[in-house]
Amino acid sequence: MPRESPLQRVSHSLTLLRVFLIVSALLLAAGGFVLGTVLTHALRAQALDDAKRSLAQYTSGVLGSSLVYGSQLRVGPTATTVVRRDLAERPDILSVKVWRRDGVLAWTTLAPERIGRRFPVTGDLREVIEHGRPEASFETQGVEDASEADLGIKHVIEVYAPVLAAGEVVGAYEVYADATPLEASIAGRKHVIWLMTGGVFLALWGLLVLLVRRASDTLRRQTTTLRERSVALSNAYGALERNALEAVESLNATVEAKDPYTAGHSLRVQRIALALGEELEFTPVEMDALRFGALFHDIGKIAIPDGILTKPDRLTAEEYEEIKRHSVEGARIIEKFSRLREAVPIVRHHHERWDGKGYPDGLSADAIPVAAAIAGLADAWDAMTTDRPYQEALTFNAAMREVRNGRGTQFIPVVVDAFFAVARRRPDEFWLDESEALAAS
């Protein structure tokens, strides 16, 4: 997996910050909603609990003395008068029922015709009679609540409280109270809760926005700095690369300067090689490698003694072995420059032969890089058509025969075919006249 550049990492970090801001907004909104809901429910539960406690205390303290005699639950005419008088002081109480343990309605302030009827002992009534603990809820009326429903009160609190006699539960009070004021109070406080909750979470998100903005600004500044440094480094690298190429070209010129007979040899080889590369439809990257490989194919001769390079006679076997080192030495020199890495195989293998009798590695056939074979043929052609101390230049026809005879032995066939195709169509690349070009066909 390719590594990200510093600029890509900064851009990625900015994207993550934006995503974090969006996700944090969603999480804070969800958290605010949950907290507001929990607080609202807690407020409603607390209000209901307060109402339950208040009404339970009222029924036990005020009504209990009028309804309980000793250990008995008795409701008579006198009790009814007292209870009605007491209820007049609590306009919020809509109705009071008194239940015996067996579910018989012993007394009620509304619809007294229900007194004496037995109803199922279920729900909160059952809980109070069995456990003696008050119960309360926001309710709608049931079967025995028809008269309370006719009061037209929309919001009702229903409270059950135990009727105690000598410490025993002998019945239960059922009190209906108008919940409208309580609901209004709850609604008002709910608004406060939601406003405060929303305000707190909005403030938190605002702080996150400020932090993210500061971090984004810092990253943007770093991005600008990195971009400027990147441009500076790119310019410096370009200058360094140009200087390195100039140094290699100077080194290559030094090699050619040792032997006046090879002056211009590298440039001629490069020109022919590039023409063959175009004929074989090399890619731009391959052409770039061929350009430098052909130009610097003999740079390794800098490591060969001058006495061998400029010897006017034929080389001895030992001297020839020494001169064969130049391809390996040349590859070793240019591989140190990143700009020339792709040209290393061309410099190393431009003396390999199709039949495997070349050097330095004895490669044969398709194992030889085509670009190296091109440089090798261009090198051989220039050597054959240039005067040397130990050999006069061959005539055009003789050189052409040498190339043709070398097809499939010294030279790669496809490169030889490209050579003759270029010679016919573009003779100026080989410094040929029209008649010589026709002879090439």
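Predicted model: local features only at pLDDT ≥ 70, side-chain atom pairs only at ≥ 80, totals over all residues.
1. Residues are numbered from 1 along each chain as its sequence is written, and side-chain values use heavy atoms, with hydrogens and water left out.

2. Helix α7 covers residues 284–295, 12 residues in total. Helices here are DSSP runs of H or I with at least four residues, numbered from the N terminus. From first C-alpha to last, α7 reaches 17 Å, close to the 16 Å expected at 1.5 Å a residue; the expected span is 1.5 Å times one less than the number of residues.

3. Q270 lies in helix α6 (residues 265–279). Q270 is buried, at a relative accessible area of 15%. Leaving aside residues up to four places away in sequence, Q270 touches R291, A294 and L295, where contact means heavy atoms within 4.5 Å.

4. Helices α13 (residues 396–405) and α14 (residues 413–425) pack at about 150°, with axes 10 Å apart. Axes are lines fitted to C-alpha atoms over the stretch in contact, and angles run from 0 to 180 degrees between N-to-C directions. The pair is therefore roughly antiparallel, a label for angles over 145 degrees.

5. The α13 side of this contact consists of M400, V403 and R404, and the α14 side of V416, F419, F420 and A423.

Notes
Helix = DSSP H or I, 4+ residues; strand = E, 2+ residues; numbered from the N terminus. Buried < 20%, exposed > 50% of the residue type's maximum accessible area, 1.4 Å probe, protein only. Parallel < 35°, antiparallel > 145°, perpendicular 65-115°, else oblique.
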